[in-house]
Amino acid sequence: MSCYETLMDYGLRSLGYGERLLPRSDFTLCQQFVLIGSGMIWNIYFGLVALLSGFALATALAVGKAASSPWFRKPAEWVIFIFRGSPLFIQFFFAYFLFLSLKGQVPAFDALTSAWLGAALVLFLNTAAYSGEIFYGALMSVPRGEVEAADAYGLSGWAKFRRVVWPTTLRLAWPAYTNEAIFLFHATTLVFFSGFPASRQKGDALYYASYFADKTFNPFVPYPILAGYFVLLTLVVIAVMGLIGKRLNRHLPSAAPTRAKGFGMLMR
């Protein structure tokens, strides 16, 4: 079987398309690259869904934790504490058995026992808690002068928050939030090893890497391939978050001319 045929047969296997049976012998390097790459579709899905949806909840948690009213502050503090204080693997484990119990009582909860929804929900809550703490720290670090300037311009309430406080919060939090995004994509490898089953062998990248490692008794081929894929994914995340960060800081002077100016002054 040529590498092109392997790509056609297994390129979308993690989504349920193409060849149903996995290779049983004579494993080629191409098969390992294609199948592990196919599984990366799920890792990207989990990461994107949790990151995009978790951003909104993280914002609410940060604002809630900074609120003066205990009715908003205490729930936000407890959500952040619970999901930051317990290991993600244990959260997956307990969530799966909780969803199984709910499914036994209410059949409508059946979808939650599937990884595409149940695991995504756990990742969503976990990253929202970590990101909420990051945003809260940045929110508390907003320079008082900017707030006073907004008051002097007559801005108050939602207008002040939207146009002054929150943009500054994002600029301050963005480097740490970029790290959280990277950790989140790495954490997606825990999904199919923490209770949520891989339906019809439609697993993620680590699922296929473990399959090849078990069959060939050689982990030094599939796992470096897996690591390579995640390195590429990390580079993409850094690039995208960097572009957003530049957009957030577009009004600030570029760092490059500052360095050049400083170097020129040193040479005088």
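Trainee: What lies 2.8 Å from a polar atom of the side chain of T189?

Mentor: The backbone oxygen of H186 does. This is a predicted model, by the way.

Trainee: What makes the pair of H186 and T189 a polar contact?

Mentor: The distance is 2.8 Å. The cut-off for such N or O pairs is within 3.5 Å. The pair falls inside that limit.

Trainee: Where is T189 placed?

Mentor: T189 sits in the loop between α7 (157-187) and α8 (205-216).

Trainee: Why is T189 called buried?

Mentor: Its relative accessible area is 16%. Buried means under 20%. So T189 counts as buried.

Trainee: Which residues is T189 in contact with, leaving aside neighbours within four places in sequence?

Mentor: N43, D204, L206 and F230. Each has heavy atoms within 4.5 Å of T189.

Trainee: Now the cysteines. How many disulfides does the structure hold?

Mentor: One. It joins C3 to C30.

Trainee: How do you know that C3 and C30 form a disulfide?

Mentor: Their sulfur atoms are 2.0 Å apart. The limit is within 2.5 Å. So the pair qualifies.

Trainee: Which helices does the pair link?

Mentor: C3 is in helix α1 (residues 3-10), and C30 is in helix α2 (residues 29-66). The two cysteines are 27 residues apart, in distant parts of the chain.

Trainee: Why is the disulfide called right-handed?

Mentor: The torsion about the S-S bond is about 85 degrees, so the disulfide is right-handed.

Trainee: Why is C3 called partly exposed?

Mentor: C3 has a relative accessible area of 47%.

Notes: Residues numbered from 1 in each chain as written. Predicted model: local features only at pLDDT ≥ 70, side-chain atom pairs only at ≥ 80, totals over all residues. Heavy atoms only, no water. Helix = DSSP H or I, 4+ residues; strand = E, 2+ residues; numbered from the N terminus. Buried < 20%, exposed > 50% of the residue type's maximum accessible area, 1.4 Å probe, protein only. Polar contact = N/O pair within 3.5 Å; in protein donor to acceptor, adjacent residues only side chain to side chain.
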